[in-house]
Amino acid sequence: MRSNHTSGTYLFTSESVSMGHPDKVADQISDAILDSLIRHDPIVRAAIETLVTTGLVVLAGEVTAHNQAAREALEHAEETARETIRRIGYDDSATGFDYRSCGVLRALHAQSADISQGVTEGEGLHKEQGAGDQGLMFGFACDETEALMPLPIQLAHRLVERLAEARQKGEVRWLRPDAKSQVTIAYESGAPVGVHTVVLSTQHTEDALDAKDSSLMSQAAKDEIVDKVIRPVIERECPHLWWDEKNMHINPTGRFIIGGPHGDSGLTGRKIIVDTYGGRGRHGGGAFSGKDPTKVDRSATYMARHVAKNIVASGLAAECEVQIAYAIGVADPVSVSVDCHGTGELSAAAWERVVRDVFPLKPAEIIRYLDLRRPIYLETARHGHFGRTGEGFTWEKTHRVDDVRAAANVMQTV
C-alpha cells in the first residue's frame, strides 16, 4: 500500500561523496581517532572535530580518557590522522595534500564536568545515564531496495564505493580519491520505475584528459567509467528498472585534477544528508562522526533506523519514519513518533506503543543493545551509515520483526 502523497509520476534525486571528498576525509579522521580511543577505553567520552585544507589538518573538540592506554592513543592522534589520510589515497604531494607532509594541529581538551554528571550512570540528578544532549533524531526505512533504503541514495553510495574499489585495485589507474555521485530516480505511484539521470564527477590524473583539448576529459576515460563503474552498479542493484543511458553526466565541468582538501576545505559533520537517506525523510540536524555513543545524535539515530527497518521488514508498512527526542541528562525519551506515511496498518499512537514495548530507547540500553562501545566507526564514515552489512552495522539487523508483529497484533486486538 502506498500513501496518497506519492501518487502520480515524479523524480527524486540523492547524492553521495567518495571517501576522498574533503568532508569525508574529515569524518574519517574523526572516527579513526575515536576508534583508537574506544579500542582501549570503551567508556571514553569524545566529540572530535576535524578540519582539512591544503597541507593542513586541525583536530579540535573534547576527549576524556579513563586509562593510560587510551591517553597514549590520544597522544598518537597525529599518527592516526596521517595513517587515515594514507589509506584514503592522498599519498602524492602533487595532489596538494599528502599524509607525509601535511601539518597536524591539535586543540583537544576534556569534556565539561557539568555535562559529564548528566550522562554518567550513578552521577547527577537522575542517577541513570542520560542523553548527552537534548535533540531530535530520525530513522527511516522503505521497501524500495533489499537494504530497505531509498533507491536514489543507495545507488549513489554504491557508485562512489565501486569507484573507490576500481581506484584501489588499480582497475582504473588514472583515478584519484575525490569524487561525487548523484542519481535521479523516476517514480510512479510511489514506486521506482527507472534510473532517469546519473551524475558522476571524479578527480583524475592528466592521463584522463583529451589529447586535443586538455580542458576536457577524454571520451575513452568517460567510457571506462561507464563500463567499469556505472553499468555494473546499475545492472546489479536494479536490473528490473529502465535506465536512460543518454542522461549521464561524467565530469561535466570537463576536468577535475585539483581536488580533495587542496581543492576545497573539509569539515567533520558537513555531509549529514549523505550520511543518512539522501533527503528522504527528515533529519534532526546532528552529525555522527567523532562522537562516542553517549551522544544520542549518533546512537539514537542508529536506533531509530533499526526501529524503522524492523517495522518495514515486518511487512506491516511500506515505509516508516521514526523520531526519538531527548532532554540532556534524562534517560527516557521525551517523545517517540512513528509515521508510516499512510502505508502502515496501525495508528501513530499504536505504533508508538509498539516501539516503546519492543525496543530499548534509553541511551545506556541503546549502547548495550547495539553493542556500540567497540571500534566500529571508521567504516561508517564512508559510503553511508545505513543500508550496509557487516559486523559493525548492528542497527541494520532485522531480528526483531517477529516481536514487532506480535506487539502489533496485540494493538490490533485491543
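This is a predicted model: local features need pLDDT of at least 70, side-chain atom pairs count only at pLDDT 80 or more; totals for chains, interfaces and linings use all residues.
I take buried to mean under 20% relative accessible area, exposed to mean over 50%, and partly exposed to mean in between, with a 1.4 Å probe and protein chains only.

**Entry 1, ground rules.** Residues are numbered from 1 along each chain as its sequence is written, and side-chain values use heavy atoms, with hydrogens and water left out.

I searched the whole structure for salt bridges (a side-chain nitrogen of Lys or Arg within 4 Å of a carboxyl oxygen of Asp or Glu), and the search finds 36. Side chains of opposite charge can pair when their charged atoms come close.

I looked up Arg 162 and found its side chain in a salt bridge with that of Glu 171, at 2.5 Å from N to O. Arg 162 is buried, at 13% relative accessible area, whereas Glu 171 is partly exposed, at 31%. I then noted that a network of salt bridges links Arg 162, Glu 165, Lys 169 and Glu 171.

I checked helix 5, residues 151-168, taking helices (H or I, at least four residues) and strands (E, at least two) as DSSP runs numbered from the N terminus. Just after helix 5, I recorded a positive phi of about 75° at Gly 170.

I found a salt bridge between the side chains of Glu 319 and Arg 280, at 3.7 Å from N to O. Glu 319 belongs to strand 13 (residues 319-326) and Arg 280 to the loop between helix 8 (272-275) and helix 9 (296-313), so the pair ties together parts 39 residues apart in sequence. Glu 319 is buried at 5% relative accessibility, and Arg 280 is buried at 14%.

I looked up Glu 352, which forms a salt bridge with Arg 356, with the closest N and O atoms 3.1 Å apart. Both residues lie in helix 10 (residues 348-358), four residues apart, or about one turn of the helix. An α-helix has 3.6 residues a turn, so residues three or four places apart point the same way. Glu 352 is partly exposed at 28% relative accessibility, and Arg 356 is partly exposed at 35%.

Methods:
The expected span of a helix is 1.5 Å times one less than its number of residues.
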